[in-house]
Amino acid sequence: MSKLFSSENKEIFLNPLNANNPIAVQVLGICSALAVTSQLEPAIVMGLSVTAITAFSNVIISLLRKTIPNRIRIIVQLVVVAALVTIVSQVLKAFAYDVSVQLSVYVGLIITNCILMGRLEAFAMQNGPWESFLDGVGNGLGYALILVIVGFVRELLGFGTLLGFQVVPQCLYDWGYQNNGMMTMPAMSLIIVGCVIWVHRSFNKEEQK
Amino acid sequence: MANDKKKGLDTNGNIYTIVYAAVMVVIVAFLLAFISSALKPKQDANVENDTKGQILAALGFDRKAVDVQKTFAENVTDKVLNNGQLEDYDGPFLSSYGTALKNGDLHVFVAKTATGEDAYVLPVVGRGLWGGLWGYIALDATKTKVLGTYFYHESETAGLGARIGDRDFQEKFIGKPVCDAEGNVALTVVKDGAAKQDYEVNGVTGATLTSKGVGAMCTEGLAVYYLAGFAAQCEQPCQQTECDTTEVEQN
Amino acid sequence: MEHLISLFVRSIFVDNMIFAFFLGMCSYLAVSKNVKTALGLGVAVTFVLLVTVPVDYALQTYVLGPNALVEGVDLTFLAFILFIAVIAGIVQLVEMVVERFSPSLYAALGIFLPLIAVNCAIMGASLFMQQRVQMDPETSTQAIAGFGDAIAYALGSGIGWLLAIVGLAAIREKMAYTDVPKPLQGLGITFITVGLMAMAFMCFSGLNI
């Protein structure tokens, strides 16, 4: 068992969370990251869905990697991903209907999320299933982390709530505090991601170009 | 996977590639078909639940807090208006009423509100600035006064027109009369701050066109029901102030 | 006709793929460093959209939709896989056709074409089309009710994307001369710029077409 949790594997898992974050550093998978973050709940569900899909598609491709014919490699990867995304979308419709309505087409767009294809091509095709699983979970969580930060800021400032519960106390509103309607607009998510990257790079000096 | 047996084969050969692709497509297709059919009943139930929740919201229930199926079954009966008479509806529950209204099937939900009042809920549909709107309007037993509403939209602007979906806006309708003094269906929405008559509701600030759409949906949607004989005539309900004064005089 | 025009104008300005839905962000951020290449990619995306959306529309109405192929059968769950397969196939086909008949265009677009298969804007347009098919053209300016509508929507979305990427590339060319704080340089400031552009585009949302 000790081999399963060796230091290299820990590195594989933790690296994408900070130093090699898929959104802040590699700039992958922005498309679906922004539109679903106006509230915290869809952001969390989206983050978890992507984590599940990256992890399992990484494992499946890694198991199949020696059998996949080179010429249809990309197609095989796309089919595996598309099948997993379809399953996730069906499960969400059945067990989390409200969230699936909020996420609308963005669940389907996980297929074209560059994180997935990037990790499959760069990692799962060369590594064993367990490492690939860790890599998938790590990248998925790194993605989810940014989503949750953006969703947190936008819901707190835009609606005064978190996960639907009122957190900004009434007395603040009585003193003239107002929810910032701007935060509920899509444009603000871009600016918040910009700021997250700014903070991230201030702390990771070697990333600066 | 079945393909493990073929290890040692030339994985770049034509036949291998074609067989591999075919096997993969078949496996994936069966897997997805299986999952889709297994989850289908649950998904349909969710859609139905959503509509029932919207009707309950118009009746003043907190749809997040109550058991939608149970509360709906206890408080609401689905009926159809036919030649001015309410008849029992025995078809499957519809989760949207646009087509039904177009075909002249006027559904009326005979219901009790959260506070136990008798009510009629009428589904209405209309168009907003960008796309379709729909709503449910709960009227009191005299069919003249609004007890509650629920509105939603396909694609109004977030933060502006989309606010017709907020409870704040929907609660402005409570207590409004359906008709004007001449006995015409008149319940409508006007620009924010411009409401002068009892039957006018202040719209959403900055979303005049969506507000107008909701107004037209209410007036036209309700008029269809009144013309089809839902209520014998549009009688003005006694105004709150008048009622109070009469009671005082009687005392 | 009126519906066609409003659908077209709306998909350029109001339902802009980048500013309203953040689709195709990966290549949008990566290839917007100078105006000339940005223009090339924009044209390629518009072209691929023009082909894939009508094909996926045909698939949706004649094969996938409820009761379309066989009475009582709803194959919508296969949509993700079929759409991505169509997109990957068509991108491949377009590449071959362009290479064969217009080598100069191929040289100009060459490197961008394969990238387009995983561009979220393409998949996104097909998924939005699938949603819009269910809308009622009498009440909704967004409804897609025929091949004409599908083509107008595809063309509008493509031109909207083209406008967005050329605009950003022009700004970034000028920005090279400005003094941006070190951690914000590159990606961070680009995000914030796109956010501000998105805000400017929000003005169009009040258009009454």
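Predicted model: local features only at pLDDT ≥ 70, side-chain atom pairs only at ≥ 80, totals over all residues.
1. Local features here need pLDDT of at least 70 and side-chain atom pairs count only at pLDDT 80 or more, while totals for chains, interfaces and linings use all residues. Residues are numbered from 1 along each chain as its sequence is written, chains are lettered from A in the order in which they are written, and side-chain values use heavy atoms, with hydrogens and water left out.

2. Over all chains the structure holds 23 aromatic pairs (rings of Phe, Tyr and Trp, the last by its six-membered ring, with centres within 6.5 Å). With ring centres 5.7 Å apart and planes at 85°, Tyr97(B) and Phe109(B) form an edge-to-face pair (planes over 60 degrees apart). Tyr97(B) lies in the loop between strand S2 (85-88) and helix H3 (98-102) of chain B and Phe109(B) in strand S3 (residues 106-112), so the pair ties together parts that are 12 residues apart in sequence (helices, H or I, are DSSP runs of at least four residues, and strands, E, of at least two).

3. Both Tyr97(B) and Phe109(B) are buried (under 20% relative accessible area, with a 1.4 Å probe and protein chains only), and they belong to one aromatic cluster together with Phe72(B), Phe93(B) and Tyr136(B).

4. Lys52(B) lies over the face of Phe93(B), at 4.9 Å from the ring centre (NZ of Lys within 6 Å of the centre and within 35 degrees of the ring normal). Lys143(B) is likewise placed over the face of Phe230(B), at 4.6 Å from the ring centre.

5. By class, the lining of the second largest pocket has 23 nonpolar (Ala, Val, Leu, Ile, Met, Phe, Trp, Tyr, Cys and Pro), eight charged (Asp, Glu, Lys and Arg) and 10 polar residues (the others, Gly among them); a pocket is an open set of points on a 1 Å grid over the protein atoms alone, where a 1.4 Å probe fits, with protein on both sides within 12 Å along at least five of seven lines, and lining residues have an atom within 4 Å of a point.

Conventions
Phe/Tyr/Trp six-rings, centres within 6.5 Å; stacked < 30°, edge-to-face > 60°. Buried < 20%, exposed > 50% of the residue type's maximum accessible area, 1.4 Å probe, protein only.
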